[in-house]
Amino acid sequence: MMQRASKRILVVDDEPDILEFLRIILQEEGYEVETREAGCLEELWYNRSLPDLILMDILLSGQDGRELVKSLKSQQETKQIPVLMFSANPSAQETARQAGADDFLEKPFDIDVLLAKIAQSLQ
Amino acid sequence: MSKHQQRAQDHGNRWPKSAADLLLCRRLEEELGMYEAIIASSDDAIVSKTLDGIITSWNFAAESLFGYTAQEAIGQSILLIIPAELHGEEEQILRKLCQGMRIQHYETVRLRKNGSRVEVSLSIFPIKDRAGTILGAAKIARDITIRKQEEQARFHLAALVESAESPILSKTLEGIITSWNRAAEQTYGYSAQEAVGQSITLIFPPDRLNEFVTIMERIRQGERVSLYETERRRKDGTLLPVSVLISPICNSKGQIIGASSIAHDISERKRIQAQEHFLIQVSDLLASSLDYQETLANVAHLVVPQLADWFAVDLVDTSGHFDLIELAHTDPEQVHWARTLRERHPIDPDAPLGAARVVRRSQAELYREIPDELLVAVARNEEELAMLRQIGYSSAMLVPMVARGKTFGVITFVATASGKHYDERDLVLAEEVGRRVGIALENARLYREVQQSRDQFDIILQGVADGIVVYAPDGSIIYANEAAAHMTDLASAQRMQATAPLDLIDQYELIDEQRRPFPRCQFPHQRVLAGEREAQAIIGYTRKGTGQPERWSLVKSRPVLGENGKVEMVISILHDITERMSLERRKDAFISMMSHELKTPITSLKGFTTIMQRRLSKEEDVQALHYLSRMNAQLDKLTRLISELLDISRMQSGKLALQTEPVDLDGLIEETVENVQAACSTHHLLIEGRTGVQVMGDRERLGQVFINLLNNAIKYSPGAQTVQVHLWQDGEQAIVSVQDFGMGIDKAHHEKIFERFYQVSGPEKSTSAGLGIGLSISHEIVARHQGRIWVESSRGKGATFFVALPSIQPESSNDQQATGETV
């Protein structure tokens, strides 16, 4: 638990309910969680430092998550951060991976599967 | 002593011997010697004989003519040299002699010593003494065998000339006719009596008189005027085409004294030539156009007046009705009248004579003469008879027109004012004209039919909403309908046909469904020309520079094969799917959006149920946990339904993407069965057997198929406790079967259950509720894996669903494992 507590996860989704339940569950799991509904790259920084993992929906209101991932992955200081993308559209998996996402989850997802993938990515 | 001296002595012995007598005797002897010398040297045989017929003298010529020597002959009866049947002749001769008559140039036959006969001309004189008493006769015989032969030859020649079939005549250098044979009489109409003594110009047409001068000029120079074709005039004024041969005639001294002329009547040859020329003209006219009315009118102008005064062409339909399609008359005013006659008195198909019979028997008829009785016989009433009489028929021919063994018409040739009388030769010509016109009409009819059906097709094709383009094997456009022109934004179909295909293509921006440039070689008609039996493509296009929104066409091409199996043309159907494409895009966008919109709340729901589950677990509220798991299961079901809806939409637009990789089929089945079993408490899912192979496919999609089959098996066997899964390999195929022990499916539904939105209706309807798309999706997924899915079942006996998938060959599966992701 102590090990996990040090891990910081940034969750980006335009649905407040999803942000809320993910925050509850991930905090229960011992992660530090910061949520954003959208925003520019700079706003994604967690307390001015980088998160250990980013969970991001592909479709954000007024923004394409894949573009964010691309710019993250193109910058030296952020490109090593694992990005896990999710979408209600299963065929988005391909484009998510092309944009640089390390993993993909189809919505609605099984929480246990999500937790397993997060644990795997943070190893 | 010589014979002469002997003879002189004999004479002398009988003569009186007075002095005066002696003087006279001497003179006489001298005279006698002279005569004897003359007689001896004569070329004619000279024989004397007594009145009893005893030969008394026989000269050298007699020796050589008759073969007897003087010794042998003298003292013998003259009968020695007279053939037995002519002995009576000698008596007559003697009788005439006794009467003091001379016989001159009497032609008869005498016998030679060797028995052969010789023709002679006899002159017989009585020998008288001074008192005038006839003592005997002197015969002078001349051999006339050669003369006779010559005469006979001349006679033969004359007979030959006379009996020759060609006119032979002779004329002087001045052109006066000197002989005129029978053929000349017949040919020119003048008797020998009328012609001989007249100028040869008698038989020259007035416009050919100069010919005579030229001919005679050449004859005078000893030239032969060889066969040349000209014309001569008969007594009746008619002209006769002839070929003449004129040769000079020379007298015994070789002087040219006249000319012989042999003529050949070439009117028959000329007639045949004229017929051939006529037929060629007919054929040329018939071949000149496929417009039969125009051609027939032209032929009619040829036939009238050359062959007939009245020319009519009738067609006969199946009911025997005659349809007059062409009528020509030397007198144009008569045409209207003749039509009226035909309208008022149509041809009776059952008439015993004429056109009706020609059609029935398919045989030409010749009416050399048309006597009034014939008109009376064919006329059906007084009015018709009057009209027929008015025509003034002289002769007529009716010939059938035949095509494919069937008589479809009659051509009538009538001679009226010309007074012509047709004969067999004219009939042969008429039949030939009939045959050629018949073929031409039949060709024209076939062409018309083709044209009509083509026109009809064109009307139909122009009327259809789909664009139709027909390509020649070289890729050029040979037909395009207006719809095609409209769809491609061209002014007209003609414009489209007139433009070279590549230039045409260059005018457009062409894209495929993925909005990539559409390659030319992928045009369906090009693919068919390259050998494909059928090709289709969805092509989006905009005319360059117009700025118009793009249009979409579903283009399908098929070849039209010739008898040799080669592609003769390619037919492309352009179906405008612009509307459909935009609708589909909107629908795809909508379904995508909808599934996203539906799944987002489910994601939240599932998230919160998980949180609740965790809380309740701590509180150990078993019942509440149970309710939550039910909620979760229903949420999963809802998720699946939404996914299926998205899938079916993708399937429809061909966008169901597969992520293929080698899949361990046995492992996949085990995992799937385990997962389904976890959510199912009513049935035991049993696996039996192994395939032991990998298949190439989308692991998740294949899993979806088996989940669907297992869930169905559970759903449709509510009373049963097990679902049996069998795995095995059959040749190159891996087979999975899912067997339930439920209500089963009636055979009638076996195929249809794989169709989209199909639901088995029946008393158990309520239990089979659903979207009816699960099997349809499974079917699509299996088909996309080159596999097969089917069901075996009967009502009340449970159902077994089979999925057969092609297995990967061991070596290639190794390669795949080495390079690709492993399971």
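Q: Which elements of chain B each supply at least two residues of the lining of the second largest cavity?
A: This is a predicted model. In it, the elements are β6 (168-172), β9 (239-250) and β10 (256-265).

Q: What volume does the second largest cavity have?
A: About 70 Å³.

Q: And which residues line the second largest cavity?
A: The lining includes B:Leu169, B:Lys171, B:Tyr188, B:Phe204 and B:Arg232. B:Val244, B:Ile246, B:Ser261 and B:Ala263 are also among the lining residues.

Q: How does the lining of the second largest cavity split by class?
A: Eight residues are nonpolar, one is polar and two are charged.

Q: Back up a bit. How many cavities of 30 Å³ or more are there?
A: Three.

Q: How much space lies in the largest cavity?
A: About 330 Å³.

Q: How many residues line the largest cavity, and which lie nearest its centre?
A: The lining has 19 residues. Nearest the centre are B:Tyr471, B:Thr488, B:Ile505, B:Phe523 and B:Leu574.

Q: Which element gives the largest share of that lining?
A: α19(B), with three residues.

Q: What about the lining of the largest cavity by class?
A: It has 15 nonpolar and four polar residues.

Q: New topic: A:Ile111. Where does it lie?
A: In helix α5 of chain A, which covers residues 111-122.

Q: Is A:Ile111 buried or exposed?
A: Buried. Its relative accessibility is 5%, and buried means under 20%, so A:Ile111 counts as buried.

Q: What is A:Ile111 in contact with, leaving aside neighbours within four places in sequence?
A: In chain A, the contacts are A:Phe21 and A:Ile25. In chain B, they are B:Gly607, B:Thr610 and B:Arg614.

Q: How many residues apart in sequence are A:Ile111 and A:Leu26, and what is their C-alpha to C-alpha separation in space?
A: They are 85 residues apart in sequence. In space, the C-alpha to C-alpha figure is 9.8 Å.

Q: Now B:Ser776. Which helix is it in?
A: B:Ser776 lies in α25 of chain B, residues 774-784.

Q: Why does B:Ser776 count as buried?
A: Because its relative accessibility is 5%, and the cut-off for buried is under 20%.

Q: Last one. What is B:Ser776 in contact with, again leaving aside neighbours within four places in sequence?
A: B:Ile648, B:Met651, B:Phe754, B:Glu755 and B:Arg756.

Definitions and conventions:
Residues numbered from 1 in each chain as written. Chains lettered and ligands numbered in written order. Predicted model: local features only at pLDDT ≥ 70, side-chain atom pairs only at ≥ 80, totals over all residues. Heavy atoms only, no water. Helix = DSSP H or I, 4+ residues; strand = E, 2+ residues; numbered from the N terminus. Buried < 20%, exposed > 50% of the residue type's maximum accessible area, 1.4 Å probe, protein only. Contact = heavy atoms within 4.5 Å. 1 Å grid on protein atoms, 1.4 Å probe; cavity = no way out; pocket = protein on both sides within 12 Å on 5 of 7 lines; lining within 4 Å. Points joined across faces, edges and corners; volume = space filled by probe spheres on them. Nonpolar A, V, L, I, M, F, W, Y, C, P; charged D, E, K, R; others polar.
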